[in-house]
Amino acid sequence: MLPFIPRPDLDVIDLLLGEHGCLLSLFRHIEMRLPNLPLADVLSAGETLESLLMAHAVEEDQLLFNALPAEQTGVKEALAAMAGEHNEQRRMLEELREETEVVLARGRLLRLIELTREHFAVEERILFGLAKQVLDDERRSALGREFARRRGLSQAH
Ligand SMILES: [Fe+2]
Ligand SMILES: [Fe+2]
């Protein structure tokens, strides 16, 4: 029989940071291969990014950003900026899907990656820091458990 191991807290901020880490390594992988990729592969890389990035943005908006106090000075503006960038990512991915020129498709994918790197950095610096201050451990764990349940992680059960 396995020894009893206490279940670690699932902090929603750590889980979202983990996804940033995975996405950043995927960005590096795509950037290295991109100069030699034919159009079909560029579009396929875009589709993979789309499914991961959009799932990340939905959980982030619905779980973390929704829980932040929009009435606090500066928070509303920061949340609006991040939501606007999620929409911009969505729009760029849609345009990429329609692209028929390989050089333009590569450029679109690179711009999306650049924008998203900056977006992650702002989230980590401003909103994740703020969330740590205003949401207590219990709330962050409850949100983390919901995040884990949505992703199908075994820790959620
Ligand atoms: Fe985001
Ligand atoms: Fe994020």
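Mentor: Two residues are in contact, or touch, if their C-beta atoms, placed from the backbone, lie within 7 Å. The model before us is predicted: local features need pLDDT of at least 70 and side-chain atom pairs count only at pLDDT 80 or more, while totals for chains, interfaces and linings use all residues. Residues are numbered from 1 along each chain as its sequence is written, and chains are lettered from A and ligands numbered from 1 in the order in which they are written.

Trainee: Which residues does Leu64 touch, not counting residues up to four places away in sequence?

Mentor: Leu64 touches Val12, Leu16, Ala131 and Leu143.

Trainee: How many helices and strands does the protein have?

Mentor: Helices (H or I, at least four residues) and strands (E, at least two) are DSSP runs, numbered from the N terminus. The protein has 5 helices and 0 strands. Leu64 lies in one of these helices, H2.

Trainee: Is Leu64 buried or exposed?

Mentor: A residue is buried if 20 or more other C-beta atoms lie within 10 Å of its own, exposed if 12 or fewer, and partly exposed in between. Leu64 is buried, because 23 other C-beta atoms lie within 10 Å. Leu52, also in H2, counts as partly exposed because it has 14 C-beta neighbours inside 10 Å. Of the 157 residues of the protein, 23% count as buried.

Trainee: Against which helices do the buried residues of H2 pack?

Mentor: They pack against H1 (12-33), H3 (75-98), H4 (102-134) and H5. Among these buried residues are Val42, Leu49, Leu53 and Glu60.

Trainee: At what angle do H2 and H5 pack, and how far apart are their axes?

Mentor: Axes are lines fitted to C-alpha atoms, for helices over the stretch in contact, and angles run from 0 to 180 degrees between N-to-C directions. H2 (residues 39-64) and H5 (residues 137-151) pack at about 150°, with axes 11 Å apart. H2 is therefore roughly antiparallel to H5 (under 35 degrees is roughly parallel, over 145 roughly antiparallel, 65 to 115 roughly perpendicular and the rest oblique).

Trainee: Which residues make the contact?

Mentor: H2 contributes Glu59, Leu63 and Leu64, and H5 contributes Leu143, Glu146, Phe147 and Arg150.
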